[in-house]
Every structure is written in C-alpha cells, then in structure tokens.
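Student: I would like to go through the charged and aromatic side chains of this model. Please show it first.

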Amino acid sequence: MSDLEIYAVVPASDLGRAREFYQDKLGLEPIEERREGLIYQGAGGTKFLLYETQFAGTAQNTAMNWATKDLDAEMSELRGRGVVFEDYDFPGFKTENGVLADDDGRAAWFKDSEGNILALSEGM
C-alpha cells in the first residue's frame, strides 16, 4: 500500500455550509465535485474529500492537519478570516493563545463549521 495515493475524508452534516467555511475561512476551492462530495487539493498533490453525513463533528480527535513552515503567519491569516483557535488544558498538553509548543514543534487546532477538529502544525 506504500505506493498508493492517500487522502483524508472529512464529514459534513451540511455540505453547502461546509463548502462556504472551507472557501471563506480557509481560502480553499474544490478541484472537483463528485456524487459523493467535494475534492480539495493541497500542496504536493495531497487531497481530501468533504462529504455529507449525519455523523459529522462527532469525532473528538484531529480529523486533518496542515503542515506549515510559519504557524504564526497562518494563524494570523486565519484569525483575520474569523477562524477561532481552540485552547486545551490536559495533563501534559496545554495550549497558550491556541498554540501547543513542545520539543517536536508547535501546533494549533480549530473547528470547521461542522465541528470537525482541524490542525496546523510547524516542525512536527
């Protein structure tokens, strides 16, 4: 399987609302519309499918992550578009101003319009 393409699958309870979020807040446009949903593409040919289901937003884990070389710049741009970053305080896991920093790098999490947890990471 190591020579097969990998892509994420992200649920949406309202595909129209999710499409607006990904367009207006994240600046993403689908590259293809399929019967099963919308295909988006990132750097290096990475892709994800946004599809409609009643189970969207029920996972309590990170659904998808974007790797960046400048977390602060990405967060600033997204905040300017209305994205709100989450703050967490668990044993061994505490964010400050939305950012977790440790020996592996830095990361920040936010939710999409459907309640899915998404992340940005730098150096991880």
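Student: Is E32 buried, partly exposed or exposed?

Tutor: This is a predicted model, in which local features need pLDDT of at least 70 and side-chain atom pairs count only at pLDDT 80 or more, while totals for chains, interfaces and linings use all residues. Residues are numbered from 1 along each chain as its sequence is written, and side-chain values use heavy atoms, with hydrogens and water left out. Buried means under 20% relative accessible area, exposed over 50%, and partly exposed in between (1.4 Å probe, protein chains only). E32 has a relative accessible area of 34%, so E32 is partly exposed.

Student: Which side chain does E32 meet in a salt bridge at 2.9 Å, N to O?

Tutor: Side chains of opposite charge can pair when their charged atoms come close. A salt bridge here is a side-chain nitrogen of Lys or Arg within 4 Å of a carboxyl oxygen of Asp or Glu. At 2.9 Å, N to O, the partner of E32 is R34.

Student: Which residues are linked with R34 in a network of salt bridges?

Tutor: R34 is itself partly exposed, at 38% relative accessible area. The network of salt bridges links R34 with E32 and E36.

Student: Is D89, which meets K94 in a salt bridge, buried or exposed?

Tutor: The bridge between K94 and D89 spans 3.6 Å, N to O. K94 has a relative accessible area of 47% and is partly exposed. D89 has 57% relative accessibility, so D89 counts as exposed.

Student: How are the rings of F48 and W66 arranged?

Tutor: Rings of Phe, Tyr and Trp (its six-membered ring) pair if their centres lie within 6.5 Å; planes under 30 degrees apart count as stacked, over 60 as edge-to-face and the rest as tilted. For F48 and W66 the centres are 6.3 Å apart and the planes stand at 90°, so the pair is edge-to-face.

Student: How many residues apart in sequence are the parts that F48 and W66 tie together?

Tutor: Strands are DSSP runs of E, at least two residues, numbered from the N terminus. F48 lies in strand β4 and W66 in strand β5 (residues 62–68), so the pair ties together parts whose separation in sequence is 18 residues.

Student: Which cluster do ring pairs make with F48 and W66?

Tutor: The structure holds twelve aromatic pairs. Ring pairs link F48 and W66 into a cluster with F21, Y22, Y40, F85 and F110.

Conventions:
Helix = DSSP H or I, 4+ residues; strand = E, 2+ residues; numbered from the N terminus.
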